[in-house]
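Trainee: Before we look at any particular residue, could you show me how to read packing from a set of coordinates?

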Amino acid sequence: MKPGVLIFYRIMAYVTAVLLILLCAAVVLKYGHLVGLWPTGSTAQEFGTTWSFRIGVAHGWLYMVYLLVAVIATTQLRAPLGRMLLVLLAGTIPFGAFFAERKVVRWHELRMAGKPIVPSNTPEETRAS
């Protein structure tokens, strides 16, 4: 993998994950009045309404960048299609991109060591274990 791709992927994974967590917090502020956390029209609700829009737009645009970088990174690592799709979807799950980032870094380390990402289950390897 090209050196800058892994660094850029890691940055985008963290940015995407943090923005998604902030978006979840803003949505709780926006809709908290529905479960009785505060009255309708409160400062908390107005704050949540404003920031859920702003953070949502930022997360949406930056998620597109994350998708592009994740496709490039997983393609260069020759990751299987199923694992690639899981990495791509990780940006839509709170805390998911943190876990995906760790996996992609691990895959990179395995590739640098000359090992496959997906362990093969041949009879010789299972007997040797």
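Mentor: Let us begin with the term itself: two residues are in contact when they have heavy atoms within 4.5 Å. In this model, which is predicted, V104 touches L6, Y9, L77 and V87, once residues up to four places away in sequence are not counted.

Trainee: Which residues have the most contacts inside the largest nonpolar core?

Mentor: In soluble globular proteins, nonpolar side chains tend to be buried together. Here the largest nonpolar core has 23 residues, and those with the most contacts inside it are Y9, Y66, A70, V87, V104 and W107. At least two residues of this core come from each of α1, α2 (43-76), α3 (81-89) and α4 (96-112), and α1 gives the most, with six residues. Another core, of five residues, lies apart from it and includes L19, L20, L23 and A26.

Trainee: Against which helices do the buried residues of α4 pack?

Mentor: They pack against α1, α2 and α3, and among them are G96, A97, V104, W107 and L110, together with E101 and H108. As for the geometry of this helix, the 17 residues of α4 should span 24 Å at 1.5 Å a residue, and because its end C-alpha atoms are 25 Å apart, the two values agree. α4 is followed by G114, whose phi is positive, near 80°.

Trainee: Is T16 buried or exposed?

Mentor: A residue counts as buried under 20% relative accessible area, and T16, with a value of 1%, is therefore buried. T16 is found in helix α1 (residues 3-31), and, leaving aside neighbours within four places in sequence, T16 is in contact with H59, L62, Y63, Y66 and G91.

Technical notes: Residues are numbered from 1 along each chain as its sequence is written. This is a predicted model: local features need pLDDT of at least 70, side-chain atom pairs count only at pLDDT 80 or more; totals for chains, interfaces and linings use all residues. Side-chain values use heavy atoms; hydrogens and water are left out. Helices (H or I, at least four residues) and strands (E, at least two) are DSSP runs, numbered from the N terminus. Buried means under 20% relative accessible area, exposed over 50%, partly exposed in between (1.4 Å probe, protein chains only). A nonpolar core is a set of buried Ala, Val, Leu, Ile, Met, Phe, Trp, Tyr and Cys residues joined through side-chain atoms within 4.5 Å. The expected span of a helix is 1.5 Å times one less than its number of residues.
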